[in-house]
Amino acid sequence: MLNRPRRNRSSAAIRTMVEENRLSVKDLLFPLFVMDGSATKTEIKSMPGIYRFTTDLLLKEIEECLNLGITSYALFPQVAEDRKDSLATESHRQGSLYLEAIHAVASRFPEISMLTDVAMDPYSSDGHDGIVKNGEILNDETLEVLSKMAVAQAQAGSKLIGPSDMMDGRVGYLRESLDDAGFTNVGIMAYSAKYASAFYGPFRDALESAPKFGDKKTYQMNPANSREALREAELDELEGADFLMVKPALAYLDIISLLRDNTNLPIAAYNVSGEYAMVKAAAANGWIDGEKAMLESLLSMKRAGAQVILTYFAKEFAQLKLS
């Protein structure tokens with residue numbers, strides 16, 4: 001036989017030499033959760049190994065992760081129920097938990113990349129990503145709240161915001177608001193193709209931010225659609241996005257690849273809480289090798305075209321690579 005592809009698989013050295021994609025800790029962005037209080041961290045039951053931190057311990061966690069080589073983070077707040085209202089005013093109140101945490105992290109670790117979340121649901125008494133009126137999610141009225149939130153985060157020290165709300169026109173609105181406020185260097189990682197997915201459950205547990213009624217299908221995308229993702233991505237790019245994100249990742253590898261083939265912007269993929277929890281649960285029951293499943297899952301996202309992978313496996317991956 002002239003052609004024997006197995007020759008290039010015959011040893012570990014040859015397999016490494018010809019492998020087409022290599023995963024590095026530099027590809028990963030580690031999501032972290034901050035909560036009120038001091039000297040406390042609490043494990044999220046549905047996400048084994050993932051914790052909510054008070055700000056003082058959040059700083060220690062980032063320092064530990066930096067020593068492992070992790071240089072990129074995403075920060076999400078758990079907001080007390082009595083701080084929530086229909087207009088998410090806590091999201092841009094000076095002195096709030098989230099803005100103070102952003103300031104603390106940015107001041108202590110100016111060398112890291114920190115993605116901050118722009119969405120109403122953690123602060124909304126309705127649990128939705130937009131203002132609710134008569135059961136309808138209002139788009140244009142919500143943009144003003146998101147604008148205040150984005151500018152407040154930039155003032156606190158954020159250099160990269162992540163609008164995760166899926167309101168129409170929000171990237172352009174936020175770009176203009178940031179520029180008008182003098183924050184032309186603050187980037188936007190747009191959640192461009194964010195699907196109405198069943199894989200978000202543990203994250204909503206972590207933030208206690210589940211919708212109080214209905215679902216998010218009028219603003220998050222239909223899992224049946226792929227061409228619509230191109231439309232959303234094109235709009236975000238035209239409106240000034242610096243990154244395009246696909247969320248979730250594992251069930252949407254085709255969408256990651258589709259966007260990669262149709263833009264020159266960096267593509268991010270969010271390996272979401274439910275995807276993490278499934279691997280952890282199956283591994284705990286002895287049904288799969290959790291370490292190998294983690295590595296294969298992350299590599300599949302890189303192979304599909306993601307340059308940035310938001311994943312709760314980031315610390316575990318970094319520890320493995322240093323061991």
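Contact here means heavy atoms within 4.5 Å. The model is predicted: local features need pLDDT of at least 70, side-chain atom pairs count only at pLDDT 80 or more, and totals for chains, interfaces and linings use all residues. Residues are numbered from 1 along each chain as its sequence is written, and side-chain values use heavy atoms, leaving out hydrogens and water.

Helices (H or I, at least four residues) and strands (E, at least two) are DSSP runs, numbered from the N terminus. Two packed helices are described by the angle between their axes and the distance between the axes. Axes are lines fitted to C-alpha atoms, for helices over the stretch in contact; angles run from 0 to 180 degrees between N-to-C directions.

| Pair | Axis distance | Angle |
|---|---|---|
| α3 (residues 97-108) and α4 (residues 139-156) | within 8 Å | roughly 35° |
| α2 (residues 55-67) and α3 | 10 Å | about 35° |

A crossing is right-handed if the near helix is turned clockwise from the far one by less than a right angle, and left-handed if anticlockwise. α3 passes α4 in a right-handed crossing. On the α3 side, Tyr98, Leu99, Ile102, His103 and Ala106 take part; they meet Ala152, Gln153 and Ala156 of α4. These residues divide into six nonpolar, two polar and no charged. Nonpolar covers Ala, Val, Leu, Ile, Met, Phe, Trp, Tyr, Cys and Pro; Asp, Glu, Lys and Arg are charged; the others, Gly among them, are polar.

α2 and α3 also cross right-handed. Here Thr55, Leu58, Leu59, Ile62 and Glu63 of α2 meet Leu97, Ala101, Ala104, Val105 and Arg108 of α3. The contact holds seven nonpolar residues, one polar and two charged.

**Helix α10**

Asp289 caps the N-terminal end of α10, with a side-chain oxygen 3.1 Å from the backbone nitrogen of Glu291. Buried means under 20% relative accessible area, exposed over 50%, partly exposed in between (1.4 Å probe, protein chains only). Buried residues of α10 include Gly290, Ala293, Met294 and Ser297. Their cover includes α8 (253-260), β11 (267-271), α9 (273-284), β12 (308-311) and α11 (314-322). Just after α10, Gly305 takes a positive phi of about 130°.

**Backbone features in loops**

Ala88 has a positive phi near 55° and is not a glycine. Ala88 sits in the loop between β4 (72-77) and α3. Its relative accessibility is 0%, so Ala88 counts as buried. Asn134, also not a glycine, has a positive phi of about 55°. Asn134 lies between β6 (131-133) and β7 (136-138). At 78% relative accessibility, Asn134 counts as exposed.

Methods
A polar contact is a pair of N or O atoms within 3.5 Å; within protein, one must be able to donate a hydrogen and the other to accept it, and residues adjacent in sequence count only if both atoms are side-chain atoms.
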